[in-house]
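These are my notebook entries on one protein chain. I set down what I looked up, entry by entry.

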Amino acid sequence: MKSKAPSILSGDLVLTGSIASEGEVQLDGTVEGDIRAGSLIIGEEAVVNGEVIAETVVIRGRVNGSVNARQVQLASTARIEGDIVHAALSVESGAFFDGHCRHSSDPLSEKSGAPKPVGKSDPSAPPAPSKSSVTSMEPPVAANKSSA
């Protein structure tokens with residue numbers, strides 16, 4: 001298989017829309033949309049407002065959205081506001097991460113977004129008690145014992 005040159009998106013580039021590449025992408029600009037790539041490098045001044053899906057991702061800049069990747073590296077300059085689903089994760093001292101982090105053996109096949117809601121939409125969840133079946137919420141009162 002022939003080696004392909006990486007796609008480089010320079011620092012003065014502002015892209016509105018999604019990026020899809022099977023190869024390597026180096027982002028130094030701003031993307032308002034999702035990125036799917038084989039390998040992704042997000043530079044120190046780069047900003048992604050959307051979902052990131054890649055085999056490997058090195059984040060040195062800012063991501064506002066979820067990250068799904070087999071290998072995730074957060075550099076000391078990284079700023080992530082969103083969830084990370086990964087098979088391998090490394091975090092340098094100084095990196096900022098605000099979100100949930102979860103290990104998965106196959107993070108690329110997982111759907112991103114909020115966890116599955118529990119309640120009426122989940123048929124395996126137990127039904128919520130009705131107000132008529134709820135009795136007193138006060139704790140039982142112990143009988144007084146006198147010692148003689």
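**Entry 1: strands around β6.** I began with strand β4 (residues 24-27), which runs parallel to β6 and is joined to it by 4 bridges. Strands here are DSSP runs of E of at least two residues, and helices are runs of H or I of at least four residues, all numbered from the N terminus. Two strands count as paired if DSSP finds at least two bridges between them. Within this pair, I found I42 in β6 to be the bridge partner of L27. I then looked at strand β3 (residues 19-20), which pairs with strand β6 (residues 35-42) in the parallel sense over 2 bridges. There, A20 stands opposite R36 in β6. I also followed β6 to strand β8 (residues 52-59); these run parallel and are joined by 7 bridges. A37 stands opposite A54 in β8.

**Entry 2: basis of the notes.** I note that the model is predicted, that local features need pLDDT of at least 70, that side-chain atom pairs count only at pLDDT 80 or more, and that totals for chains, interfaces and linings use all residues. Residues are numbered from 1 along each chain as its sequence is written, and side-chain values use heavy atoms, with hydrogens and water left out.

**Entry 3: confidence.** I looked up pLDDT, the predictor's confidence in each residue, from 0 to 100. The protein chain averages 82, and 72% of the residues score at least 70. Over residues 113-126 the pLDDT stays under 50, and the model has 4 contacts for them beyond four places in sequence. A contact means heavy atoms within 4.5 Å. Residues 129-138 also have a pLDDT below 50, with 1 contact in the model beyond near neighbours in sequence.

**Entry 4: overall content.** How many helices and strands does the protein chain have? I recorded 0 helices and 14 strands. Of the 148 residues, 29% count as buried, that is, under 20% relative accessible area, with exposed meaning over 50% and partly exposed in between (1.4 Å probe, protein chains only). Among contacts between residues at least 6 apart in sequence, 7% join residues at least 24 apart.

**Entry 5: the open sheet.** I traced an open sheet of 6 strands with parallel pairing, in the order β2-β5-β7-β9-β11-β13. β2 (14-16) and β13 (96-98) stand at the edges with a single partner strand each, so one side of each has no neighbour in the sheet. Within this sheet, strand β5 (residues 30-32) pairs with strand β7 (residues 47-49) in the parallel sense over 2 bridges. V31 stands opposite V48 in β7.

**Entry 6: two residues.** Leaving out residues up to four places away in sequence, H86 touches several residues, including A69, R70, C101 and H103. L108 lies in the segment after β14 (101-103) and is partly exposed, with a relative accessible area of 22%. Among the residues that L108 touches, beyond four places in sequence, are I53, A54, A69 and R70. The C-alpha atoms of L108 and A69 are separated by 6.1 Å, although these residues are 39 apart along the chain.

**Entry 7: a charge over a ring.** Finally, I found R79 over the face of F96, at 4.0 Å from the ring centre. The rule requires NZ of Lys or CZ of Arg within 6 Å of the ring centre and within 35 degrees of the ring normal.
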